[in-house]
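Here is a short note for a colleague who is new to this model. Please read the points with the structure open.

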Amino acid sequence: MYRLLFDLLFRRLDPEKAHHLAFGWIRAVSAVPGLRALVRRVLAPQDPALRTRALGLDMPGPFGLAAGFDKNAVGIDGLAMVGFDHVEIGTVTGQAQPGNPAPRLFRLVEDRALVNRMGFNNEGSAAVAARLAARPRSSTTLVGVNIGKTKVVPESEAAADYVTSTERLARHADYLVVNVSSPNTPGLRNLQAVDQLRPLLTAVREAADRSTERRVPLLVKIAPDLADADVDAVADLALELGLDGIIATNTTIGRTGLRTDPAVVEAAGAGGLSGAPLKQRSLEVLRRLHVRTGGRLTLVAVGGVETADDAWERVLAGATLVQGYSGFIYQGPFWARHIHRGLAARLRASGHATLADAVGATASLRDDQQGLR
Ligand SMILES: Cc1cc2nc3c(=O)[nH]c(=O)nc-3n(C[C@H](O)[C@H](O)[C@H](O)COP(=O)(O)O)c2cc1C
């Protein structure tokens, strides 16, 4: 059914327009309270086996919507209605900014992938904080807030820009993410280098602690294009600073192994590639992080997750939470439900009593076999 809608309608529309149209529908349905509850009952996970405790939060399941879909926090409850257990909003920057000129979002349909160079188009941290503050008390959706650097702010002043956003947003966040891995803000990814990342994360932690009495969990989101040694260095730093977790991964600047006609890929131009082609590297980075951190951090797996098998593989490799974005575009509104049902079935078949027991299970198995434990 969705396949038909995708082929007949969405595929013929400019991808950014299609996004606004589909998101508009979700928001419209969720604006009708009775209808929202009904759809949520059908699409959101009800299975107690999937209940997940992560970052000090209780979630109905482990699967959430990755950052970038709802940059301005305009449709959180609608996204929970379609079955996401948490919604990561943003990236939000210190100042409002328009992002890059359109077209800036492209589909590589044969690869079930997207290329985007949105460039953090968002209304800025003041406006988004005001919107989050005005959320109805009845809203129970868990909200991660992902923050990044305003484009016009020089790299040398990046920390102050993140601090501004933190001061405005931390109190509204169930968890906070420092995004240093989007390829579409010049220089942003240099902040992943440990000597830049240490003062940045320290400043954000302090700002979060200043702005609310609650200890807001803090995570960092990294790129799949980091060299293995740099992944290890970020993991070590996260442990050293007492961070709560790492989100792996953002989009890649790589274009290898694609089936799409190279001329089409070339025409899309620069930007981050997401979806199926990211699967392998994203999983590798997760495995590396799990080994390096030995279960001491909450790992959030994102990148190329399309099926319940993919999500289950991430859990076994060490992810407590799993997120997706591109799969939602290609698979439609029943996607989260499909993932949850498949996860519950795999959990039951595995013999693990809870999802938490399954986290990192293949990694431990491999270590056992190699006599590492
Ligand atoms: C159109 C688009 C916009 C995105 N914007 C953001 C963003 O603002 N901040 C961020 O941290 N990640 C952003 N991402 C990256 C996703 O959160 C995710 O890390 C990436 O797409 C890999 O997951 P996927 O393969 O399931 O799409 C964006 C992705 C897409 C496709």
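1. A polar contact is a pair of N or O atoms within 3.5 Å; within protein, one must be able to donate a hydrogen and the other to accept it, and residues adjacent in sequence count only if both atoms are side-chain atoms. A polar side-chain atom of Lys71 lies 2.9 Å from an oxygen atom of the ligand. For Asn146, a polar side-chain atom is 3.0 Å from a ligand oxygen. Ala67 uses a backbone N or O atom instead, at 2.7 Å from an oxygen of the ligand. The ligand alone exposes 610 Å², and the protein buries 98% of that (Shrake-Rupley method, 1.4 Å probe).

2. The model is predicted: local features need pLDDT of at least 70, side-chain atom pairs need 80 or more, and totals for chains, interfaces and linings use all residues. Residues are numbered from 1 along each chain as its sequence is written, and side-chain values use heavy atoms, without hydrogens or water.

3. Which residues come nearest to the ligand? Of the 25 around it, they are Ala67, Thr91, Lys221, Gly304 and Ser326 (a heavy atom within 4 Å counts as near). The shell has 8 nonpolar, 15 polar and 2 charged residues. Gly is classed as polar here.

4. Strand 4 (86–93), strand 6 (113–116) and strand 11 (272–275) each supply at least two shell residues. Strands are DSSP runs (E, at least two residues), and helices are H or I runs of at least four, numbered from the N terminus.

5. Ser211 belongs to helix 7 (residues 194–211). Ser211 counts as buried because its relative accessibility is 19% (buried is under 20%). A polar atom of its side chain lies 2.5 Å from the backbone oxygen of Ala207.

Terms used
Buried < 20%, exposed > 50% of the residue type's maximum accessible area, 1.4 Å probe, protein only.
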